[in-house]
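Have the structure open in your viewer as you read.

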Amino acid sequence: MGLLAPLGRLLFSVIFITSGLNHFFQLQAMTAYAQASGVPDPRLAVLVSGGALVVGGLCVLLGVFARLGAAMIAVFLVASAVMVHHFWRMEDPVQAQNNLIHFMKNLSMAGGALLVVYFGPGPFSLSRKKREASLGGMKLGTPLR
């Protein structure tokens, strides 16, 4: 059962790491999409969010500063849901439905990220001993209080 935590971290983080890298590899296209969505300073937003996704995803994957990494991911997901997937403004029902799906997906994944913020990375994280000491001797997976 202990292997479920690192497997879950892998499955959860891979989409953020690859998406974050895509922010850099497809910078022009991502900037144009952000601009079309009305994101302020779209190029900077794409660069910052790409960095947050890669760093946050790696933190969660490795279990090093996993709570901080998951918090970065959650902030990105909620911000992009509201700023990019504004289905309530769309007149075309197909576009509105597609963006509603992306909006809800982002909120759902933000909920998963918040669970990592609350419970921590679990077993088999690279910062296990250090984290246990920094939590006053509490075991990993102990919720924040």
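H3 and H4 cross in a left-handed way. Keep in mind that this is a predicted model. Two packed helices get described by the angle between their axes and the distance between those axes. For this pair, the angle is about 145 degrees and the axes are 7 Å apart.

Who's doing the touching? From H3 the contact takes in Ser 49, Ala 52, Leu 53, Val 55, Gly 56, Gly 57, Cys 59 and Val 60, and these meet Ala 66, Gly 69, Ala 70, Met 72, Ile 73 and Phe 76 of H4. Sort the residues of that contact by type and you get ten nonpolar, four polar and no charged.

Now zoom in on Gly 69, which belongs to H4. Is Gly 69 buried or exposed? It's buried, because its relative accessible area is 0%, below the 20% cut-off. Skipping neighbours within four places in sequence, Gly 69 contacts Gly 56, Cys 59 and Val 60.

| Helix | Residues |
|---|---|
| H3 | 42-62 |
| H4 | 66-83 |

Ser 13 is also among the buried residues of H1, along with Pro 6, Arg 9, Phe 12, Phe 16, Ile 17, Gly 20 and His 23. The cover over the buried residues of H1 includes H2, H3, H4 and H5.

Definitions and conventions:
Residues numbered from 1 in each chain as written. Predicted model: local features only at pLDDT ≥ 70, side-chain atom pairs only at ≥ 80, totals over all residues. Heavy atoms only, no water. Helix = DSSP H or I, 4+ residues; strand = E, 2+ residues; numbered from the N terminus. Buried < 20%, exposed > 50% of the residue type's maximum accessible area, 1.4 Å probe, protein only. Contact = heavy atoms within 4.5 Å. Axes fitted to C-alpha atoms, helices over the stretch in contact; angles between N-to-C directions. Left-handed = near helix turned anticlockwise from the far one by under 90°. Nonpolar A, V, L, I, M, F, W, Y, C, P; charged D, E, K, R; others polar.
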